[in-house]
Every structure is written in C-alpha cells, then in structure tokens.
Amino acid sequence: MKQGIHPEYRKVVFKDSSTGFMFLSGSTASTNQEIEWEDGNTYPLYTVEVSSDSHPFYTGKQKFADAGGRVDKFKKKYGM
C-alpha cells in the first residue's frame, strides 16, 4: 500500500445521541471528542443519530410524529 494516503484506522466509541447507547468498534471516523471506556482506556467519541438501539428495524417500534395530521390534510385538500 502507498504510505500517507490512507486514513488512520483505530478503535472509536460510537454513541447514539437519542438513547445514550455506546459501543466500541474499529473505524476511520475522525472526531475531536474523547471518552474513557469501560476497560480504562481513552478512545475517540463519535456521536451518531441512529444506531441499532434506536432504529425501528432493530427495535420493532415505529415512531409516527404527525402522520394523522398529514393524512387528514391530504384528504381535505383533494376532497377524499
């Protein structure tokens, strides 16, 4: 491999911002934040919006914020 063109591969802690769930994985993601992990070592911290802990496919729970309002508005607009 060519030297100096590949990003650094290291252990990174990923944190789900909606649930607080964290896991340690290998990654090239860059971040300025750090966190002390359960093993006593310090690792870079990368915050994500969705993980297996909050995604509907894995949790089996679907969130509908305002589906009823949008459907009613559509029906009213088109006279259904």
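This is a conversation about the predicted model of a protein shown above.

Colleague: Before we begin, how are residues numbered, and what does the model count?

Modeller: Residues are numbered from 1 along each chain as its sequence is written. The model is predicted, so local features need pLDDT of at least 70, side-chain atom pairs count only at pLDDT 80 or more, and totals for chains, interfaces and linings use all residues, while side-chain values use heavy atoms, with hydrogens and water left out.

Colleague: Which helices and strands does the protein have?

Modeller: The protein has two helices and four strands. Starting at the N terminus, the elements run β-β-β-β-α-α. Helices (H or I, at least four residues) and strands (E, at least two) are DSSP runs, numbered from the N terminus.

Colleague: In what order do the strands stand in the sheet?

Modeller: The order is β2-β1-β4-β3, in an open sheet with mixed pairing. Two strands pair if DSSP finds at least two bridges between them.

Colleague: Which strands stand at the edges?

Modeller: Those are β2 (22-27) and β3 (34-36). Each has a single partner strand, so one side of each is left without a neighbour in the sheet. From one strand to the next, the twist averages 45°. The angles run from 0 to 180 degrees between N-to-C directions, with axes as lines fitted to C-alpha atoms, for helices over the stretch in contact.

Colleague: What holds strands of a sheet together?

Modeller: Strands of a sheet pair through backbone hydrogen bonds, either parallel or antiparallel.

Colleague: In which sense do β1 and β4 pair?

Modeller: Strand β1 (residues 10-16) and strand β4 (residues 42-48) pair in the parallel sense, over four bridges. Along β4, L45 stands opposite V13, T47 stands opposite K15, and V48 stands opposite D16.

Colleague: And β1 with β2?

Modeller: Their pairing is antiparallel and has six bridges. In β2, L24 is the bridge partner of V13, and M22 is the bridge partner of K15. The hairpin of β1 and β2 has five residues between the strands, and G20 there takes a positive phi near 85°.

Colleague: How many bridges join β3 and β4?

Modeller: Three bridges join β3 and β4, in the antiparallel sense. E34 stands opposite P44 in β4. These two strands also form a hairpin with five residues between them, and G40 in the turn has a positive phi of about 90°.

Colleague: Let us turn to single residues. Is V12 buried or exposed?

Modeller: V12, which lies in strand β1, is buried, with a relative accessible area of 0%. Buried means under 20% relative accessible area, exposed means over 50%, and partly exposed lies in between (1.4 Å probe, protein chains only).

Colleague: Which residues does V12 touch?

Modeller: Not counting residues up to four places away in sequence, V12 touches F23, L24, S25, S27, A29, P44 and Y46. A contact here means heavy atoms within 4.5 Å. V12 and E34 are 22 residues apart in sequence, and their C-alpha atoms are 9.0 Å apart in space.

Colleague: S27 is on that list. Why does S27 count as buried?

Modeller: S27 counts as buried because its relative accessibility is 13%. S27 lies in strand β2 and touches E8, Y9, R10, V12 and F14, not counting residues up to four places away in sequence.

Colleague: A new topic: which residues form the nonpolar patch on the surface?

Modeller: The patch is formed by F74, Y78 and M80, with about 390 Å² of accessible area together. Patches are made of residues with over 30% relative accessible area and no salt bridge; like charges are joined within 9 Å, and nonpolar side chains (Val, Leu, Ile, Met, Phe, Trp, Tyr) within 5 Å. A salt bridge is a side-chain nitrogen of Lys or Arg within 4 Å of a carboxyl oxygen of Asp or Glu. F74 is found in helix α2 (residues 67-77) and is partly exposed, with a relative accessible area of 45%.

Colleague: What about the protein as a whole?

Modeller: Of its 80 residues, 16% count as buried. The accessible surface of the protein comes to about 6,800 Å², of which 51% belongs to carbon and sulfur atoms. Accessible areas come from the Shrake-Rupley method with a 1.4 Å probe, and for residues only the protein chains shown count as cover.
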